[in-house]
Amino acid sequence: MAMPLESPISFTNIGRIRWWQRGIFASQTGYVLLALLGLLIVMHFASPYFFTQGNMQNVAKNFSFIAIATLGITFVIITGGIDLSVGSMMCFSAMITSMVMSGLSTPGMPGAFLFVHLAADGKTVVANVPGLILLVSILAGLVTALIVGLVNGFCITVLGLSPFVTTLGMLSIVRGLGYVVSNGRGSFPGGPDADYFYALTSGDLFGVPAPFIYLVILAAVMAIVLHHTSFGRHVFALGGNEKAAELTGIPVVRVKIEVYVICALAAGLQGIIISGWLGSAPANMATSYELNVIAAAVIGGANLAGGVGGPLGAIVGCVLLEVIRNGLVLAQVSSYWQQTLVGVIIILAVLVDRIRSRIA
Amino acid sequence: METAGAAGQPVLELTGIGKEFGAIRALHGVDMQVFPGEVVGLMGDNGAGKSTLVKIIAGNFRPTHGEVRFDGNAVHFYRPIDARAVGIEVVYQDLALADNLTAAANVFLGRELKRKFGPFAFLDHNAMAARALELFGELRSETRPHDLVKQMSGGQRQAVAIARTRLSNAKLVMMDEPTAAISVRQVEQVLGLIHRLKEQGVAVMLISHRMPDVFAVCDRVVVMRRGEKRADKSIRDTSPEEITALITGAKEAA
């Protein structure tokens, strides 16, 4: 059906968009990244301790503690949705993981005989297969997150509830369930596999904190998924024009459920990692973390109206928040200022982007 | 304006189409034929039943009565994708474009070209951009595949929406008010695009309020009023005055 052209098409009236007017250079992520680099330079001169290896490791570890969940919520925000249940989800997944781990490691508990036996001295607990308990308990935590994500997605797409209300309810439900299953006491990872658990969550590889390694891998995967698969393209289309997405035959319901599941899984994984670092999963763990996570995503350039966002922005937002926190501590400013400053930065970041798009 | 006309088999044939929404009768006994390479104008006042008719053909609604035949076969559409599968494409009034994506991404939305790498399928950006550029060329629209739709003029957006219909071998393209919200120069471009489709043997149904556009590109005009077809005339045998009279009801039927 291709028609021979009388002449190849010429672009006489339509100029080419300059490189600095497109892609990352014309995005909020770009500006915030620039601001972050500026801040790093300022910090370097303000405090001799900032660029020390110990402090850098500390910063990398700390921002990784919210960055994985931020990657997840970025998917949801790109589709124009929101998930307020991430903080509760972190806690609940971590709790389930550590409860399953210590449950399976206690001889006498139901099912535990499959995993552990007592050593000859009658006291030491020995794993039948080393690492199996760890695997099962982490899977248990992630499956819990998966179920919560499915329920969120189902309520939003099939029942047609608003994402804000659904996930606000889920925030409360999941937190409440956390208190129910633990009786409000929290739980501790224990048993023969606990050492592996701590090594995987709060250990490091050649001086690089483990959570940071996971973050980099997941961010790379996310970048590929968002920009080089049709799922990613549909996520963006959904945020840009949901009606168009539906008319062009995109499976809107499926894509939406998938993003809420991804978000819940990321939050669950994040919670499990945090509990490894804390050494426990208290029932009030990660309370109000959803606000930090959303703040980081928004500062990094994810647009709550939908259609814009990415892994780089999510990470940049998290790093900026952590560098400010860290910087205020090093500068011996009262840490109470941190929250105030974070709020100012949220508004400034969005404001700069608004001004820029009005000029362009 | 000389075309295949009455010769040959109609691509779309409606017989006795009726649609009721509860107690409201939106359409009643509509018979209509559209032939390949023909541009048919569908006119009528608000509430005359144009949109309902278009939505039935596009698969958004199922008719309460009557039969839709496409390419000689009776068809039943449950969803818009079913209609698209047999070769009916719709350019919606709001164009159904995602502003935050590029022109090429919008053209291929929902039917992305992919390349397999083992178990994974990745988007084939180059192939999509090349094909989109080809389509824009056919439509004589100066549109770059990599530009964001957000930054485009009304005419370019229209070209993107129309290019989407050229992706598959569409036999019937329905355009809902394509000239309603764009400038004079861009209207010219869009009418040009309709001519291109016609040259390629595609049947076009133009739903429009703008009399000059209908008389500029259509071979035939169908007038709807109060859910019924009131006129079906070759453009040569009628005049804007007569059509206006038919639309308003000053003249009952022709």
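Within chain A of this predicted model, mean pLDDT is lowest in strand S1 (residues 116-118) of chain A, at 72, and highest in H10(A), at 94. The average over chain A is 85, and 91% of the residues score at least 70. Residues 1-7 of chain A have a pLDDT below 50, and this stretch has six contacts in the model beyond near neighbours in sequence.

Chain B also has to be read with its confidence in view. Its average pLDDT is 85, with 96% of the residues scoring at least 70. Helix H3 (residues 103-107) of chain B has the highest confidence in that chain, at 92, whereas helix H6 (residues 184-199) of chain B has the lowest, at a mean of 81. Over residues 1-6 of chain B the pLDDT stays under 50, and the model gives these residues eleven contacts beyond four places in sequence. For the complex, the predictor reports an ipTM of 0.80 and a pTM of 0.86.

Chain A contains 13 helices and four strands. The C-alpha trace of chain A spans about 90 × 60 × 35 Å along its principal axes. The radius of gyration of chain A is 23 Å; a compact globule with 360 residues would have one near 21 Å, so the two agree. Of the 360 residues of chain A, 45% count as buried. Contacts between residues at least 6 apart in the sequence of chain A join residues at least 24 apart in 76% of cases.

An unreviewed UniProt entry lists several spans of chain A under "transmembrane region", among them residues 132-151 and 158-181. In the model, residues 132-151 of chain A are 100% helix and 0% strand, and the end C-alpha atoms of the span lie 28 Å apart. For residues 158-181 of chain A the figures are 79% helix and 0% strand, with the end C-alpha atoms 29 Å apart.

Next comes the contact between the chains. Chain A contributes 28 residues to it and chain B contributes 27 residues. On the side of chain A that touches chain B, the elements giving two or more residues are helix H8 (230-240) and helix H9 (242-247) of chain A. The largest share of that side, six residues, comes from H8(A). By type, the residues on the side of chain A that touches chain B are 16 nonpolar, ten polar and two charged.

Which residues touch the most other members of the largest nonpolar core? This core has 169 residues, and those with the most such neighbours are Met90(A), Cys263(A), Ala132(B), Leu172(B), Met174(B), Val204(B) and Leu206(B). Helix H10 (residues 252-278) of chain A gives the most to this core, with 15 residues.

Leu104(A) lies in helix H3 (residues 86-104) of chain A, and Leu104(A) counts as buried because it has 27 C-beta neighbours inside 10 Å. Beyond four places in sequence, the contacts of Leu104(A) include Met109(A), Phe115(A), Ile133(A), Val136(A) and Gly191(A). Gly327(A), in helix H12 of chain A, is 283 residues apart from His44(A) along the chain, yet their C-alpha atoms are separated by 9.7 Å. Gly327(A) has 20 C-beta neighbours inside 10 Å and therefore counts as buried.

The last topic is backbone angles. Most residues other than glycine have a negative phi. Asn183(A) has a positive phi, near 60°, and is not a glycine. Asn183(A) sits in the loop between helix H5 (163-182) and helix H6 (194-202) of chain A, and counts as exposed because it has 9 C-beta neighbours inside 10 Å. Gln332(A), also not a glycine, has a positive phi of about 60°. The loop that holds Gln332(A) runs between helix H12 (311-330) and helix H13 (337-359) of chain A. Is Gln332(A) buried or exposed? With 8 C-beta neighbours inside 10 Å, Gln332(A) counts as exposed.

How values were computed: Residues are numbered from 1 along each chain as its sequence is written. Chains are lettered from A and ligands numbered from 1 in the order in which they are written. This is a predicted model: local features need pLDDT of at least 70, side-chain atom pairs count only at pLDDT 80 or more; totals for chains, interfaces and linings use all residues. UniProt positions are given in the numbering used here, feature names are shortened, and annotations may be inferred rather than shown by experiment. The radius of gyration is taken over C-alpha atoms; the globule rule is 2.2 Å times the number of residues to the power 0.38. A residue is buried if 20 or more other C-beta atoms lie within 10 Å of its own, exposed if 12 or fewer, and partly exposed in between; C-beta atoms are placed from the backbone. Two residues are in contact if their C-beta atoms, placed from the backbone, lie within 7 Å. Ala, Val, Leu, Ile, Met, Phe, Trp, Tyr, Cys and Pro count as nonpolar, Asp, Glu, Lys and Arg as charged, and the others, Gly among them, as polar. pLDDT is the predictor's confidence in each residue, from 0 to 100. A nonpolar core is a set of buried Ala, Val, Leu, Ile, Met, Phe, Trp, Tyr and Cys residues joined through C-beta atoms within 7 Å.
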